Amino acid sequence: MTAAESILAGDRLALSRLLTQVENGTKEGEAELDLLFKNTGHAHLVGITGAPGTGKSSLVNQIALAARNPGEGVQRSVAIVAVDPSSPFSGGAVLGDRVRMRDLSGDPGVFIRSMATRGALGGLARKTAGVVQVLDAAGFDLILIETVGAGQSEVDIARLAHTTIVVENPGMGDDIQAIKAGILEIADILVINKADRPGVDNTERALRVNLELGYPQGERNHVFLEAGHVPEALTGTAQIEGKWIPPVLKTIAIQPSGIEELVKAIWQHREYLVRFGLLAARDQERLAHDFELALQARLKHDWRRRTKDADLKHVMNELYSRKISPRQAVDRLIER
Ligand SMILES: Nc1nc2c(ncn2[C@@H]2O[C@H](COP(=O)(O)OP(=O)(O)O)[C@@H](O)[C@H]2O)c(=O)[nH]1
Ligand SMILES: [Mg+2]
């Protein structure tokens, strides 16, 4: 059996091994990923982003528990991918991870993976995309990607995810200026976690005002309405144009409280994406982007292989002494 076949058959050890290879960018890893690719596209991908300590790990833990113990609903298998480049430890919040291990360990329907993020940020998004693809192919229904909100990384994760949850805390973002516009634009669901703390109402109000200000410029046609309002399109006969209203939800991950509503919002958002053909559109956007990255990497790699070190060094020295511009440097090296 190839690694790909073992993984499709549910072999968790083979899965872990391949994930390591994909993270390390090995040739074998890429080859297996190519084999598995046709099995991807079934999982629902959820990104959870926010500042360190807002409770992302705790929330992910609770969402996973809810997916495993759905009451009346459908039970779903869950994979968790933790990406935290801000932490010296892989996977970031060690505490959150430990809580996860305690609550979720021993359940074969749950798989937890912390990305090794030591060192460079470069390529992390691509590696995460690869890891998520493998987990998708392995048959997990729900893939939760936890990432620390640190600029570009949350945007990259939003591109990867179908549903992006942005986590805030009471007291955060009371000042409208303090809320990064970008973060609201990527949010499909806004969560105020630690709702047991004072200042919830202020934060909620500030977030709503920001959402309102963001409309109609918001990239994804976000519309401001009351909290918990279900878009008519989901309840009625889908007459209105495809618009999603990012709900602002309050949770207490450590209690827990508000998790059911959060999980409901995730599946409502998926339903919305499917209904308006946006799931397929997002998918295609993502694949086109992956293609672009692969193309760039390949062309650059091929070019570098054809270019002699001495020639490169010579041209770079010309550039450093400002005899030629960066563009001219490229011209010279490509023409060779
Ligand atoms: N009071 C309170 N503390 C919480 C809540 N959720 C998480 N925490 C605590 O906040 C800290 C950071 O949580 P963690 O999930 O690791 O945050 P992350 O860094 O965003 O992943 C931990 O000590 C949690 O126990 C909550 O709803 N209320
Ligand atoms: Mg964490």
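Predicted model: local features only at pLDDT ≥ 70, side-chain atom pairs only at ≥ 80, totals over all residues.
Q: What does the check give for helix H12, and why does it lie largely in the open?

A: H12 covers residues 278-306, and its 29 residues should span 42 Å at 1.5 Å a residue; the end C-alpha atoms are 42 Å apart, which agrees. As for cover, a residue is buried if 20 or more other C-beta atoms lie within 10 Å of its own. The number of buried residues in H12 is zero, so this helix lies largely in the open.

Q: Which residues of H11 are buried?

A: They are Leu262, Val263, Ala265, Ile266, His269, Tyr272 and Leu273. Just after H11 comes Gly277, with a positive phi of about 70°.

Q: How many helices and strands does the protein chain have, and how much of the chain is buried?

A: The chain has 14 helices and seven strands. Of its 336 residues, 39% count as buried.

Q: Which strands are joined to E2, and by how many bridges?

A: Bridges let you follow the pairing strand by strand. E2 pairs with strand E3 (residues 110-114) in the parallel sense over five bridges, and Ile80 stands opposite Ile112 there. Six bridges join E2 to strand E4 (residues 142-148), also running parallel, with Ala82 opposite Glu146. Elsewhere in the sheet, strand E1 (residues 44-50) and strand E5 (residues 163-168) run parallel and are joined by five bridges; Thr49 has Val166 in E5 as its bridge partner.

Q: Which way do the residues of E2 point, and are they buried or exposed?

A: Val78, Ile80 and Ala82 point one way, while Ala79, Val81 and Val83 point the other, and all are buried. E2 (residues 78-83) is thus described as mostly covered, with six of its six residues buried.

Q: Which residues of the largest nonpolar core touch the most other members?

A: The general idea is that in soluble globular proteins, nonpolar side chains tend to be buried together. In the largest core here, with 63 residues, Val46, Val81, Leu135, Ile143, Leu144 and Ile145 touch the most other members. Helix H6 (residues 124-137) gives the largest share of this core, eight residues. Leaving out residues up to four places away in sequence, Ile143 touches Ala43, Leu45, Val46, Ala79, Val81, Val132, Leu135 and Asp136.

Q: At what angle do the axes of H2 and H3 cross, and how close do they come?

A: Two packed helices are described by the angle between their axes and the distance between the axes. For helix H2 (residues 12-24) and helix H3 (residues 27-36), the axes come within 7 Å and cross at roughly 115°. The crossing is left-handed. Leu18, Gln21, Val22 and Asn24 of H2 make the contact with Glu28, Gly29, Glu32 and Leu33 of H3.

Q: Which peptide bond is cis?

A: Look at omega: the bond from Gln255 to Pro256 is cis, with omega near -10°. Pro256 is in the loop between E7 and H11.

Q: What is the phi of Lys194, and is this residue buried or exposed?

A: Lys194 has a phi near 65°, a positive value in a residue other than glycine. Lys194 is in the loop between E6 and helix H9 (200-214), and counts as buried because it has 25 C-beta neighbours inside 10 Å.

Definitions and conventions. Residues numbered from 1 in each chain as written. Chains lettered and ligands numbered in written order. Buried ≥ 20, exposed ≤ 12 C-beta atoms within 10 Å, placed from the backbone. Helix = DSSP H or I, 4+ residues; strand = E, 2+ residues; numbered from the N terminus. Pairing = 2+ DSSP bridges. Core = buried A, V, L, I, M, F, W, Y, C linked by C-beta atoms within 7 Å. Contact = placed C-beta atoms within 7 Å. Expected span 1.5 Å × (residues − 1). Axes fitted to C-alpha atoms, helices over the stretch in contact; angles between N-to-C directions. Left-handed = near helix turned anticlockwise from the far one by under 90°.
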